[in-house]
Amino acid sequence: LLQSIFKEVDDWTSEMRAGAAGTREKDVIRSNDEVGHIFFGPYAHLPPGNYRIDLTLSRRWDHSWKCRLNLDLIQGERVVYETKVNILGGKATVKLPLHVTPRDILLPVQVRLHSSGKARVTLEGVLIERTSKIAEDWSV
């Protein structure tokens with residue numbers, strides 16, 4: 001069932017949720033000066049394989065350089081990838097690798113961005129691409 005639903009490339013942007021430090025405005029989520037999660041989601045279940053999640057973020061001119069942004073990729077309850085985010089230009093795409101094994105298919109996947117406060121960033125897009133399948137996807 002999961003294989004028939006998932007496309008090789010999928011747009012998760014509309015499925016992302018605004019956190020306490022974010023506000024949804026139409027197709028984007030903007031930070032709102034609060035400390036906490038700017039966005040999180042989508043709690044997706046994926047078939048086995050290797051994936052790349054691309055998050056497009058932009059920075060407004062008045063973004064505080066003292067504000068720390070931490071991006072986490074979570075599978076179930078486990079953080080599988082974490083990184084600090086620096087948007088040096090006006091826009092950046094952060095690429096996150098994800099490996100899903102057959103035993104992981106029931107674990108929801110989420111991405112979340114945490115701000116230490118006074119962030120002026122916008123989530124513009126989240127794309128996920130399946131870069132390869134695992135041989136015999138449903139074997140254990």
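This is a predicted model: local features need pLDDT of at least 70, side-chain atom pairs count only at pLDDT 80 or more; totals for chains, interfaces and linings use all residues.
I started at Lys-91, which counts as exposed at 53% relative accessibility (exposed is over 50% relative accessible area, buried under 20%, partly exposed in between, with a 1.4 Å probe and protein chains only). Residues are numbered from 1 along each chain as its sequence is written, and side-chain values use heavy atoms, with hydrogens and water left out.

What does Lys-91 pair with? I found a salt bridge to Glu-124, 2.9 Å from N to O (a side-chain nitrogen of Lys or Arg within 4 Å of a carboxyl oxygen of Asp or Glu). This pair links distant parts of the chain, Glu-124 in strand β11 and Lys-91 in strand β9, 33 residues apart (strands are DSSP runs of E, at least two residues, numbered from the N terminus). Glu-124 is partly exposed at 30%.

Next I looked up Asp-33, whose salt bridge with Arg-120 has its closest N and O atoms 2.2 Å apart. Asp-33 is partly exposed at 31%, whereas Arg-120 is buried at 18%. I counted seven salt bridges by this rule.

Then I went inside, to Leu-71 in strand β7. Leu-71 is buried, at 0% relative accessible area. Its contacts (heavy atoms within 4.5 Å), leaving out residues up to four places away in sequence, include Phe-39, Leu-55 and Val-111. The C-alpha atoms of Leu-71 and Val-94 are 9.2 Å apart.

Definitions and conventions:
Helices (H or I, at least four residues) and strands (E, at least two) are DSSP runs, numbered from the N terminus.
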